Amino acid sequence: MPRPTSPHLEIYRWQIGSSLSILHRLTGAALALGLFALCYWLVALAGGERPYIAALKLLESPVGVLALVGWTFAFLYHLFNGVRHLFWDVGRGFERTQRHASGWFVLLGSMVATVCVWGWIWLGHRP
């Protein structure tokens with residue numbers, strides 16, 4: 001039986017570092033897709049009242065709001081993880097405990113920050 005040419009998921013056990021790396025790549029892809037929504041909104045804004053109202057209806061729909069919340073999380077996760085990497089660039093936070101703690105801080109911090117941003121948005125738009 002030939003040996004596998006590269007390591008595969010059956011060999012490794014779950015680790016916070018690899019999970020955060022995968023999540024960083026997924027959120028990067030989500031941010032890239034979010035650029036299409038931003039461009040759509042800007043074109044609708046430039047197109048006048050009717051296209052802008054149509055864009056708002058789409059973005060305010062349940063699917064639109066879910067996408068916006070997801071993009072907010074993706075942005076904040078990328079921001080916090082980028083700061084984490086900046087600390088690594090100057091030689092800080094490489095110890096195992098520090099890596100794990102900063103990883104959990106990035107993940108939980110981006111979740112909490114997303115909830116805070118959207119709480120502020122919803123509360124700020126009440127009449």
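Predicted model: local features only at pLDDT ≥ 70, side-chain atom pairs only at ≥ 80, totals over all residues.
Author: The chain exposes about 9,900 Å², and 71% of that comes from carbon and sulfur atoms.

Reader: How do you know what secondary structure the chain has?

Author: Count the elements: there are four helices and zero strands. Read from the N terminus, the order is α-α-α-α.

Reader: What makes you compare the chain with a compact globule?

Author: The rule is 2.2 Å times the number of residues to the power 0.38. For 127 residues, a compact globule would come out near 14 Å, but this chain has a radius of gyration of 19 Å. The C-alpha trace spans about 60 × 40 × 25 Å along its principal axes. As for burial, 20% of the 127 residues count as buried.

Reader: Which residues of H1 are called buried, and what covers them?

Author: Buried means under 20% relative accessible area. In H1 the label goes to Ile16, Leu20, Thr27, Gly34, Ala37 and Ala44. Their cover includes helix H2 (49–60), H3 and H4.

Reader: Why is serine 102 called partly exposed?

Author: Serine 102 sits in helix H4. Buried needs a value under 20% and exposed needs one over 50%. Serine 102 has 21% relative accessibility, so it counts as partly exposed. In sequence, serine 102 and leucine 123 are 21 residues apart; in space, their C-alpha atoms are 30 Å apart.

Reader: And valine 90: buried or exposed?

Author: The cut-off for exposed is over 50%. Valine 90 has 63%, so it counts as exposed. You'll find valine 90 in the loop between helix H3 (62–89) and helix H4 (96–124).

Reader: What makes Phe75, Leu79, Val83, Phe87 and Val90 a patch?

Author: A patch takes residues with over 30% relative accessible area and no salt bridge, and nonpolar side chains are joined within 5 Å. Phe75, Leu79, Val83, Phe87 and Val90 form such a nonpolar patch on the surface. Together they have about 490 Å² of accessible area.

Reader: What share of the contacts comes from residues 24 or more positions apart?

Author: Among contacts with a separation of 6 or more, such residues account for 71%.

Note on methods:
Residues numbered from 1 in each chain as written. Heavy atoms only, no water. Patch = residues over 30% accessible without salt bridge, like charges linked within 9 Å, V, L, I, M, F, W, Y side chains within 5 Å. Areas by Shrake-Rupley, 256 points an atom, 1.4 Å probe, with all protein chains shown as cover. Salt bridge = Lys/Arg side-chain N within 4 Å of Asp/Glu carboxyl O. Helix = DSSP H or I, 4+ residues; strand = E, 2+ residues; numbered from the N terminus. Buried < 20%, exposed > 50% of the residue type's maximum accessible area, 1.4 Å probe, protein only. Contact = heavy atoms within 4.5 Å.
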